[in-house]
Amino acid sequence: MNVWIMFVAFAVLVAIEVPIAFALCASAVVWLTLESPIPLTIVIQRMASGLDSFPLLAIPLFILAGSLMNRAGLAARIFAFALSLFGHVRGSLAHVNVAASIVFAGMSGVAQADAAGLGTVEIRAMRKAGFDPAFSAAVTAASSIIGPIIPPSVIMVIYAVLAQVSVADLFLAGILPGFLMGGLLMALIYWMARTGRITAPTRPRATIGQVGATFVQALPALFAPVILVTGLLSGAATPTELGAVTVAYAMIVGFAQRELTFKKLHLCLVETGITTGVLVFIIAAAVPFGWVVSVNNLPAALTSTLLGISDNPYVILFLVNLLLLAAGLVMETTAILLIAVPALLPLALALKIDLVHFGIIMVLNLLIGATTPPFGVILFIMMDIARISFAQMVRAMLPFYIPLVAALLVVTFWPDLVLFVPRLIGG
Amino acid sequence: MIDLYRRLLGLLGRLEQALVVLLLVNIVLNILAQVISRYFFGKPLVWVEEIATYSFIWATFLGAALALKYDRHVRIDTFVARLPERRGALARALVFLAIIALLVTILPSLPGAIGIEMRRSSIALPVQIPSGWFFSVPLAVGAVSMLLTAVFKVLVELRFALGGERPPLIMQPLPEDHDDDDAVEQAMLGDRL
């Protein structure tokens, strides 16, 4: 029963550009038909029932919330508010970009929504102000992954369901790391502007009145994360329920401000349906793959191999990070998560690593992978919006890996930073 | 002939799209109803979660079939874009052949899966509905729809590879996510700052 056939089949299918979901399912089916006496029915049946989970329902809801936020013009209001706060700081619109991403993150659950929706506003504004398009694209790419670190976060929902930890804990655990990433990115931008590595035309300082006016404009958008975090901290509602509340809130705000129309709402729903069909279908399609991995005891083998190298949790976490970053270079984020979480959980349990902490490490790591060449999805979205070449994109991106990896290392080796907020409700 | 096939697929796609939208609305309304009934009336509605979850499973598989028609499934771009046009079409035909092979292999096992699930029933719903309707039936419906799409894709890509017409789109791409110039103007309120 050589299980490597499955991995080879998967690699070949992905290399000839079969969509990830189909490649995952097909490679498992190849192994099941060639190497195993187990009837296909038993495994296929698990695909649909794998989705029978209330926490997973948060996924379409938070995708819809992000989509509504973009189409209801909230992204632009957030940007204008951030501009009045940071426009005069050295680095100007680059800081505005990061700050706007942090706020946007509080309502959007996928990096793509952040990169494509808010990103378009940001890149156009930066170009207008005289920033280099490649640099603008790189800042936007780097800051867009704050979106899924600060709650809500679709990828965290997937991790939470796989690792059977509380979605709420994971959401809360992402808040401080998200601000840390933003802070480190801003520090890099400040340094780059200071040393003349980038041209960053600053704007005159906004008056208190202007700050106030843009704040009032952005207030409805700023209030959404407040609802979410209050709901999570008080435990008054589940993350899924908060997803529905956020959707209702975004709709009310959108209609009240006359930015949202029924036509736009319909488009948001269609967009969400397609994204759900892509993303959640990967989860279902990965079920047979995960099943084959576990019946072959691969997680146990991986655990004993890694424990053979060291039993120091920090050494192991470092190795896991290297492994995931390497996987992130060549694979798609959700697919790695679906394969890696079941494979690595026994290891985390054996070393008594907190599973919420472990989740934040994995999610942050895999999101960095979505911004790395040659296959990072976010790079491709940004190239498209900024109309630059892949080489320009990658070159501009290089300095930004320093703060991103620094944030990953801090998060890895300082569990208390991650666990501080979830402990507020735990105690 | 192929044009008729394309129009039928387009029709199927629009049907799936309408259903997915309704299912998503249903999910939002049900969960909101749950929140409201718990806060304002103090009693949670048990079956609401179940309806929402089943809508979610249906939406996922119909959405997956729809996404294939929009050509939106995530793949890693390796070499196909760099091939000469007609050879690229051959490579894409190969991809859809692989998808067909997968669907043809798993479809025969679905009646068995549905059979097992039909013996169980939904748990909390006020009416008894066999649970197969919410699990492997949507998977089977999605798989059949994807099979129809994949066969169409193979036909049109091969036709193009052999020197024929460019492959037609099944569904027109959705308009962009934002009102570009408006959004930027608004963001650049800054000009007044």
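1. Let's start with a surface pair: Arg423(A) is partly exposed, with a relative accessible area of 47%, and Asp416(A) is partly exposed too, at 43%. (Buried means under 20% relative accessible area, exposed over 50%, and partly exposed in between, with a 1.4 Å probe and protein chains only.) Their side chains meet in a salt bridge at 3.2 Å, N to O. By salt bridge I mean a side-chain nitrogen of Lys or Arg within 4 Å of a carboxyl oxygen of Asp or Glu.

2. Before going on, a word on the basis: this is a predicted model, where local features need pLDDT of at least 70, side-chain atom pairs count only at pLDDT 80 or more, and totals for chains, interfaces and linings use all residues. Residues are numbered from 1 along each chain as its sequence is written, chains are lettered from A and ligands numbered from 1 in the order in which they are written, and side-chain values use heavy atoms, leaving out hydrogens and water.

3. How many salt bridges are there over all chains? The search finds 13. One of them joins Glu271(A) and Arg72(B) at 2.7 Å, N to O. That pair crosses between chains, from helix α14 (residues 262-295) of chain A to the loop between α2 (46-69) and α3 (85-106) of chain B. (Helices are DSSP runs of H or I, at least four residues, and strands are runs of E, at least two, numbered from the N terminus.) Glu271(A) is buried at 16%, while Arg72(B) is partly exposed at 33%.

4. Within chain B, look at Glu157(B) and Arg92(B), whose side chains form a salt bridge at 3.2 Å, N to O. Glu157(B) sits in helix α5 (residues 136-161) and Arg92(B) in helix α3, so the pair ties together parts 65 residues apart in sequence. Here Glu157(B) is buried, at 6%, and Arg92(B) is partly exposed, at 30%.

5. Chain B as a whole has six helices and zero strands. Of its 193 residues, 48% count as buried.

6. Back in chain A, which residues of helix α20 (residues 390-397) are buried? They are Met393(A), Val394(A), Ala396(A) and Met397(A). These cover an arc of only 165° around the axis, which puts them on the same side of α20(A). (The arc is that of the directions from the helix axis to the C-beta atoms.) They pack against α8 (133-144), α19 (377-386) and α21 of chain A.

Notes:
Contact means heavy atoms within 4.5 Å.
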